[in-house]
Amino acid sequence: MLNMQFDKRVIINTSKMDWQSSSVEGVFRKPLSREEVERGQATSIVKYSPNSSFSQHAPPLGEEILVLDGMFSDETGDYPVGTYLRNPPNYSHTPFSDIGCCLLVKLHQFSANDHQKVCINTLNEQGWIEGQGRLMIRPLHEFNGEQVAMIKWPAGQHFFNISHFCGEEVYVLEGEYRDEYGKYGPGTWIRNPHMFEYNPYAEEDTLLWVKVGHLPYPGVR
């Protein structure tokens, strides 16, 4: 098991991690959390080398993907950088990449009865809404208290005493996310436990992928 204590804050700069081989030639991983090496719940950065492919699979508890670089593909289409995908439980596909790609991947983490398939190009300027302060938000998915979104933090935006019921995950895509504990550049993955309080801000324009309300916690759900 790796980082499966959900009552602890976890911060990982994935850009400083080494790639690990997977069970498939040409596909590499940087594991962030996982139950077991090749099964169960997992969050990883995954890299497909050019002209590589993964065997057909159908995760029984769903698959969530954000394309970070390159072009990700399967038999249903091509998904460029910025694409957010949710493949529901037992959805079968055979992924590959002709030019190579890098992904944020979450496996076996769907809520019960969440069967919506999602495919959103987050680089499309449509769908963004104004949030608190001067933040811009691109909602991606919502189900049973879980919310996923892209968030643009403008330079100089501060907030105080943020906390989230059932926790939060943040992946820094551009810029630098900050709080009273440190500074987090592109490629940083942050997991905050249930009701963890902190004071985030940005001194430069910053783009985040954020997921809230989904982490297990004793006595909750």
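Among contacts in the protein chain between residues at least 6 apart in sequence, 65% join residues at least 24 apart, where contact means heavy atoms within 4.5 Å. This is a predicted model, in which local features need pLDDT of at least 70 and side-chain atom pairs count only at pLDDT 80 or more, while totals for chains, interfaces and linings use all residues. Residues are numbered from 1 along each chain as its sequence is written, and side-chain values use heavy atoms, with hydrogens and water left out.

Overall dimensions next. A compact globule of 221 residues would have a radius of gyration near 17 Å, and the protein chain agrees, at 17 Å; the radius is taken over C-alpha atoms, and the globule rule is 2.2 Å times the number of residues to the power 0.38. Of the 221 residues, 52% count as buried, meaning under 20% relative accessible area with a 1.4 Å probe, protein chains only; exposed is over 50%, and partly exposed lies in between.

Now the secondary structure. The protein chain has zero helices and 19 strands; these are DSSP runs numbered from the N terminus, with helices being H or I of at least four residues and strands E of at least two. Seven of the strands form an open antiparallel sheet, in the order β1-β18-β15-β19-β14-β13-β12. Two strands pair if DSSP finds at least two bridges between them. At the edges are β1 (10-13) and β12 (129-130), each pairing on one side only. The partner of β1 is β18 (residues 188-192), antiparallel over four bridges, with Val10 opposite Arg191.

Which strands does β10 pair with? Strand β4 (residues 42-48) runs antiparallel to β10 and is joined to it by seven bridges; Val46 has Leu103 as its bridge partner there. Six of the seven residues of β10 are buried.

That leads to the cores. A nonpolar core is a set of buried Ala, Val, Leu, Ile, Met, Phe, Trp, Tyr and Cys residues joined through side-chain atoms within 4.5 Å. The largest has 19 residues, and those with the most contacts inside it include Ile45, Leu68, Leu104 and Trp209. Strands β1, β6 (63-74), β10 (101-107), β11 (118-121), β14 (146-153) and β19 (206-212) each supply at least two of its residues. A second, separate core of 15 residues includes Leu135, Ile190, Ala202 and Val210.

Back to Leu68: beyond its neighbours within four places in sequence, Leu68 contacts Ile45, Val81, Cys102, Leu103, Leu104, Tyr171 and Leu173.
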